[in-house]
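Work through the exercises below with the sequence and the 3D view open. Each task is followed by a solution in steps.

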Amino acid sequence: MTAPNRNVLWANALVDELVAAGVDAVVASPGSRSTPLTVAAAGHEELTVFSQLDERSAAYFALGRARRTGRVTPLICTSGTAAANYHPAVMEASEARVPLLALTADRPPELRDSGANQTADQEKLYGDAVRFYKDLPEPAANDRALRSLRTTVSRAVATAEGADQGPVHLNVPFKKPLEPTPVPGDVPDDLPEAAERGRDGPYIDVTHGAPEPGDDELRALAAELDDADRGLIVAGPADPPGIDPESVTALAHATGFPVLADPLSGLRYGGHTRVAPVIGSYDAYLSAGLAGDEGESGETDGWADPDLVLRLGASPTSKRLRKYLAETGADQYQVDPAGRWREAEFAATDLVVAEPSRLCARLSRLVGGGSGEPDWRAQWEEADRVAEAVHTRESDAVRDGDGSEHGFHEGDALRAVADALPDPATLFVSNSMPVRDLDRFVGPTTANVTALGNRGVSGIDGIVSSALGAGSGTTDDLTLVVGDLALYHDSNGLLAVDRCDVDVTVVAVDNDGGGIFHKLPIESFEPPFTESFKTPHGLDFEPLSELHGLEYARIDARPDALADRGESPADRAEAVADEVGEAVSRAHEEAGSHLIEVDTDAEASHRTRERLAAAVERAVHGDAGDV
C-alpha cells in the first residue's frame with residue numbers, strides 16, 4: 001500500500017474524491033492539525049493549492065473564486081480560532097448562495113472538552129448558515145469506512161453546488177502522527193484497492209435537477225404575462241453561475257417588458273444589450289412616492305406604473321427600486337430555484353419555484369406578445385436616456401436654479417473606471433457607496449464586463465480577498481473598486497497578489513472614513529457623527545502598495561485640489577474623470593498589479609448625488625424639454 005499511516009490514507013481518499021467531483025483548486029492555511037489534508041492536496045497533481053496565511057482572507061478568496069466560476073473551491077484549516085475565522089465568509093456564502101466547502105481539522109474526540117491546548121467546540125460551528133454538516137469519524141483503514149468517507153465528500157460537493165447552493169462544513173478529526181510518518185500495521189496489506197483508490201470518476205454521481213413548474217402552471221403564468229398591460233422584468237444580483245442573458249432577452253422580446261437589470265445581475269453589461277431593452281438608471285428617477293393612485297390611463301403625473309413584475313435573482317441593490325415596486329401594488333412574481341423568500345418589502349404576490357434561465361426560455365415560447373401598451377417600453381428607455389444626459393452633464397437640467405454646475409463626485413469615478421475597462425473584464429465592487437454608485441451612474445453597455453460584489457450580507461470585510469479570488473478563476477483583467485475602510489479592513493488580503501499570482505488593478509475611493517453615513521439621519525448629530533460613525537483615519541495607502549509590490553498612483557479629486565483644473569466645476573469634473581480613466585487604462589496595459597488612490601470628499605460627493613437626483617427627477621417627471 002502507498003499510505004504510510006491511516007491519516008495519510010484518509011486524507012488522500014478525501015482529496016481524491018474532491019478532484020473526482022470536479023474540484024480543481026483548494027485554499028489552504030498553515031496549521032498543524034490540518035497537516036494530512038494540506039499534504040494530500042499539495043501532492044495531488046490535478047489540484048492547484050492557493051496558500052493563504054489568514055483564514056478570514058482565505059475564506060473570502062475561496063468565496064470570490066466560487067462566485068466567478070460557479071464551482072466550489074474547498075478550504076483547509078487547522079483547529080480552534082482558525083475555523084472561526086471562516087464564519088463571516090460562510091454567512092456571506094449562505095445568503096448569496098455561493099458554493100463553499102469548509103474542511104476544518106479538529107482534535108480527536110477524547111481531547112474535546114478537556115482543556116487541551118487549541119481545542120474548541122467545532123460541532124456545528126456555523127449553525128444554520130450551512131446547507132450540510134458532518135463531523136467525520138476518525139480515520140480508519142477499512143473498506144466500509146473509506147466508502148462512507150467518499151460518499152460523504154461526494155454529497156458535500158453536490159449539496160454546495162445544488163439548487164439551494166451555499167456553504168457546507170465537514171469537521172475532520174485527526175490523531176497524531178499528523179505527518180506522513182510510517183506507522184507499522186496502521187494500514188493493512190489486504191485493504192481492497194478500490195477502497196484506497198475509489199472509483200473511476202466520483203464515488204457518487206449526483207444528477208442535479210432544475211425545479212420548474214408543470215405544464216399547466218407554466219401556461220397559467222404565461223397567460224398572466226400575456227394579460228399584463230405594463231409588465232417589468234426585474235433582475236437582482238444573480239446567484240452563481242448567473243442568469244442566461246439570451247433567455248431573458250427572448251422573454252423581453254416576447255412580452256415587450258423592459259428589463260431593469262441590477263449591475264450585479266449579469267444582465268446590465270454584454271452584447272445582448274444591443275437588442276434587449278435593458279434599463280440601468282432607474283435608481284436615479286424611481287423616487288419614493290412616485291407610485292400612487294392612477295387614473296383610467298394607469299398614469300400618475302404622466303408616469304405609468306407596472307401592473308405585473310417578474311423578479312429574478314436576489315433583492316435589488318437599489319432601495320428606491322424596492323420601495324417603488326412595493327408602492328405600485330403590482331402583482332409580483334418572485335422566481336427562486338430554492339423556494340426561499342427574497343423580497344424584504346413583503347409586497348410579492350406569488351412565489352415561483354423554478355430555475356430562472358430555464359423558466360424565461362420556456363415562457364418566451366408560450367407568451368404571444370400580450371396586449372401591452374405601446375408606449376410602455378418607450379417610457380423607460382426615454383427615462384434612461386434623460387438620466388444619462390444629466391449624469392454626463394449633457395443636459396441643461398443638470399444645473400441648479402441659480403445656474404451653477406456640479407463638480408466631480410464619487411459616481412464619476414465609477415463611470416471613469418467602467419469606461420476604461422478592457423473587454424472582457426471582471427469588475428469587483430465594494431459595499432457601501434461603490435456598488436450604489438455603480439448601480440446609479442454606470443448604465444448598460446455592450447462591453448463584456450462581469451460585475452461582482454458581496455451582497456449576501458453586504459459587509460465590507462473580505463472585499464479585497466473576494467476580488468482576488470474572483471481574479472484567480474478567470475483570465476479576464478481584474479479591477480477592484482473599493483472604499484478606504486474596506487481596503488483597510490482587508491488589507492492583508494493583498495498578500496494573495498504575490499502568493500496566489502493574481503494581478504489586479506485596485507481603485508481605492510478614499511474619502512477618509514465611512515462616507516455612506518452621510519446618507520443617514522445621524523449625519524446631523526455632531527457629536528457623535530464624526531468620531532463614532534464617519535471615523536476619519538487619515539491613512540496614506542502608498543506604503544501599503546509598497547508593502548505588497550503594487551505600482552501606486554494618487555489622484556486628488558477633493559474640491560480644494562481642483563481649483564486650477566478648469567474654468568467651471570463641470571470642466572474640472574471632466575478633467576479628473578479623464579485622469580482616473582487614463583490611470584486605469586495605463587494599469588491594464590502595464591504588467592503587474594496597481595493601486596490607484598482617488599481622494600474625494602464624502603460630504604461634497606453626497607451633496608452632489610442629492611442635487612443630481614433632484615435634477616434627474618425634474619427632467620424625467622417634470623419638464624422633459626430641459627433635456
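**Exercise 1.** Is Tyr285 buried or exposed?

Solution. Start with the cut-offs: buried means under 20% relative accessible area, exposed over 50%, and partly exposed in between, with a 1.4 Å probe and protein chains only. Tyr285 has a relative accessible area of 0%, so Tyr285 is buried.

Two notes apply throughout. The model is predicted, so local features need pLDDT of at least 70 and side-chain atom pairs count only at pLDDT 80 or more, while totals for chains, interfaces and linings use all residues. Residues are numbered from 1 along each chain as its sequence is written, and side-chain values use heavy atoms, with hydrogens and water left out.

**Exercise 2.** Classify the ring pair of Tyr285 and Trp380.

Solution. Rings of Phe, Tyr and Trp (its six-membered ring) pair if their centres lie within 6.5 Å; planes under 30 degrees apart count as stacked, over 60 as edge-to-face and the rest as tilted. The structure holds 6 aromatic pairs. In the pair of Tyr285 and Trp380, the centres are 6.3 Å apart and the planes stand at 50°, so the pair is tilted. Helices (H or I, at least four residues) and strands (E, at least two) are DSSP runs, numbered from the N terminus. Trp380 also has a relative accessible area of 0% and is therefore buried. Finally, ring pairs join Tyr285, Trp303, Trp376 and Trp380 in a cluster.

**Exercise 3.** Give the strand order of the sheet and find its edges.

Solution. Two strands pair if DSSP finds at least two bridges between them. The open sheet has 6 strands in the order E2-E1-E3-E4-E6-E5, with parallel pairing. Strand E2 (48–51) and strand E5 (132–135) each pair on one side only, which makes them the edge strands. Ile76 has Leu103 in E4 as its bridge partner.

**Exercise 4.** How many disulfides does the model have?

Solution. A disulfide is a pair of cysteine sulfur atoms within 2.5 Å. By this rule the count is 0. Check Cys500: the nearest cysteine sulfur, that of Cys77, is 16 Å away, and Cys500 is in no disulfide. With a relative accessible area of 6%, Cys500 is buried. Cys360, at 0% relative accessibility, is buried too.
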